[in-house]
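Visitor: I would like a close look at a single part of this protein, taken slowly and with its details connected. Could you walk me through the sheet, and then through whatever else bears on its residues?

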Amino acid sequence: MSARETALRVLTSCRTGGAWADAALKAQLGRDGLSGSEAALCSRIVYGVTQNRLLLDFYLAAYCSQKPDHLQPPLLDILRIGAYQILFLDKVPHSAAVNTSVELAKTAGRGQAAGLVNAVLRKIAQNKDCLPPIPEWEEAQYLSIRYSHPKWLVKRLLDILGREETERFLAAGNSQPPTAAQVNPLRGSMAELREALEAEGVGAEAHPWLPDCLLLSDTGALERLRPFREGRFYIQDPAARLAVMAMDVKPGDRVLDVCAAPGGKSFAAAIAMRDLGHVLACDLHEKKLKRIRDGAARLGLACLETAAADGRSRRSDWVERFDAVLVDAPCSGLGIIRKKPDIRYKKADDLFALPVVQHDILDNASAYVRPGGVLVYSTCTVLPEENDQTADAFLAEHPDFSRERFDLPSLGRAPGEITLWPQRHGTDGFYICRMRRNTAS
């Protein structure tokens with residue numbers, strides 16, 4: 001199986017089955033047995049086509065007699081794969097991009113369209129240095145096509161950030177972030193981990209401002225790395241770890257992570273507590289809890305337990321039992337577009353109900369905070385209606401809670417809440433709000 005055939009299978013499963021690109025890619029690479037350079041090329045094509053889909057379709061439309069959305073699948077996916085290689089992968093000869101795409105059409109049962117694939121891609125290759133310009137008469141439309149983000153999202157960002165920073169955010173969404181490894185000091189120091197990783201050919205550089213964090217390169221499959229199997233680190237974006245740092249948990253605390261899967265924040269809390277106390281990691285789906293338990297066992301965290309629970313349903317035995325409660329609520333995910341590029345193609349209508357869900361979970365979980373305890377609300381999105389507006393609505397209904405300032409490394413003291421941005425902080429887009437429950441409640 002070639003890299004391009006596997007890439008086509010992944011893109012097809014995303015289109016027909018609603019699969020997320022990262023999960024579909026990992027599964028298909030395993031099924032097709034791809035590794036090394038072929039797996040790397042396949043991954044680059046899948047992510048590249050997904051990240052640049054609107055731009056690719058704009059150029060395809062210029063050289064194809066049919067509109068892209070009128071082409072029968074998987075023909076459009078094949079054309080996107082070929083066009084992406086021509087326009088973005090300088091190490092792939094244009095002839096190889098064209099010829100392999102023609103073969104993909106034949107093997108995919110679209111032999112009658114092989115001539116169209118050949119003609120369109122050759123035109124793109126011939127005109128690579130003089131492609132038709134994207135119309136700039138409408139700002140949102142231009143940025144939408146140029147960076148392949150939906151127009152509705154571009155308009156929202158322009159309102160929030162203005163033109164210059166919106167463009168920087170969109171460009172960041174098409175970038176490849178480094179892999180952030182959070183050190184497990186219960187299994188050794190950062191210096192020892194760095195040495196062990198470099199011995200296995202992995203690049204490891206200290207994060208510029210987050211302690212006990214390494215930025216990795218050339219990792220390959222993490223499961224093959226001995227330090228990973230030994231539980232000496234876990235993968236987590238710095239923004240997610242900052243949400244746990246905002247809780248400021250101590251050894252002996254009782255901590256509840258309401259929406260815990262896949263478990264990274266629960267791991268961070270348990271490690272910050274030096275595995276002394278109790279961390280209860282919850283999720284609605286039991287099958288997700290096994291992954292958390294497996295991760296805790298790998299990291300050697302004995303204080304972490306799991307429970308299947310609906311964040312919107314009250315558990316009377318948990319009321320006022322916890323020193324710190326974390327609500328990392330379900331959200332639009334628009335802050336992690338660079339890692340999950342297909343998130344950008346969500347429809348605006350699909351997001352309208354999210355603040356209601358977030359409010360309900362936050363309202364319910366607040367009952368579990370003991371008087372004097374801490375409640376942290378976080379999301380991996382950048383939209384105000386899911387972030388500060390949700391927190392404002394909660395606080396208006398709960399006078400026994402109030403925002404409380406907190407310190408974060410390099411970022412200084414936050415006035416009770418902070419929104420992290422990829423283009424500003426080099427992290428995922430993320431919102432963190434720390435609230436204290438009054439002792440008189």
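**The sheet and its cysteine**

Guide: In this predicted model, strand E1 (residues 179-183) and strand E3 (residues 213-217) are paired in the antiparallel sense, and four bridges join them. One of the residue pairs can be named: threonine 179 has leucine 216, in E3, as its bridge partner. These two strands belong to an open sheet of four strands, whose order is E2-E3-E1-E4 and whose pairing is antiparallel. At the edges are strand E2 (203-206) and strand E4 (233-235), each of which pairs on one side only. From one strand to the next, the twist averages 35°. As a general point, strands of a sheet pair through backbone hydrogen bonds, in either a parallel or an antiparallel arrangement.

Strand E3 covers residues 213-217, which brings us to cysteine 213. A search of the whole structure finds zero disulfides. Cysteine 213 is accordingly in no disulfide, and the nearest cysteine sulfur, that of cysteine 380, is 18 Å away; a pair of cysteine sulfur atoms would have to lie within 2.5 Å to count. Cysteine 433 is likewise in no disulfide, the nearest cysteine sulfur being that of cysteine 331, 15 Å away.

Terms used:
Residues numbered from 1 in each chain as written. Predicted model: local features only at pLDDT ≥ 70, side-chain atom pairs only at ≥ 80, totals over all residues. Heavy atoms only, no water. Pairing = 2+ DSSP bridges. Axes fitted to C-alpha atoms, helices over the stretch in contact; angles between N-to-C directions.
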